[in-house]
Amino acid sequence: QVQLVESGGGLVQSGGSLRLSCAASGSIFSINAMGWYRQAPGNARELVATITRGGYTNYADSAKGRFTISRDNAKNTVYLQMNSLKVEDTAVYYCNVFARTRWDLPEYAYWGQGTQVTVSS
């Protein structure tokens, strides 16, 4: 099994910054893509940013120019630097990791416990 531990959420004023981190541990054979998603109360979970094993990134339009996703493969950790935060960014942020626990098993999507990000006006 793979466990993801998130940290870095909190309460900030609009225009402020936060840096989220997510560390994977457990029975990991390999990790491929990693990403961040968010979900506001009553809403569906939506993609924020993804990053491939080789470092190629993809961002939601709402995140472009403000958020930066990065990863440290040696530490099995993915980060999300969030700048110029807006009230609309308020949500629970979840990291996800596509990983194999054995060489002969397919990749499976693992999810973090979620960390609350609240942006006040």
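Is N96 buried or exposed? At a relative accessibility of 2%, N96 counts as buried, where buried means under 20% relative accessible area, exposed means over 50% and partly exposed lies in between, using a 1.4 Å probe and protein chains only. The structure is a predicted model, in which local features need pLDDT of at least 70, side-chain atom pairs count only at pLDDT 80 or more, and totals for chains, interfaces and linings use all residues. Residues are numbered from 1 along each chain as its sequence is written, and side-chain values use heavy atoms, with hydrogens and water left out.

N96 belongs to strand β9; strands (E, at least two residues) and helices (H or I, at least four) are DSSP runs numbered from the N terminus. Leaving aside residues up to four places away in sequence, N96 touches L4, A33, M34, G35, W36, Y37, Y110 and W111, a contact being heavy atoms within 4.5 Å.

Under the same exclusion of residues up to four places away in sequence, P106 touches A99 and R100.

Two further loop residues deserve a look at their backbone. Most residues other than glycine have a negative phi. N76, although not a glycine, has a positive phi of about 50°; N76 lies in the loop between β7 (67–72) and β8 (77–82) and is partly exposed at 26% relative accessibility. S84 likewise has a positive phi, near 50°. S84 is found in the loop between β8 and β9, and its relative accessible area of 40% makes S84 partly exposed.
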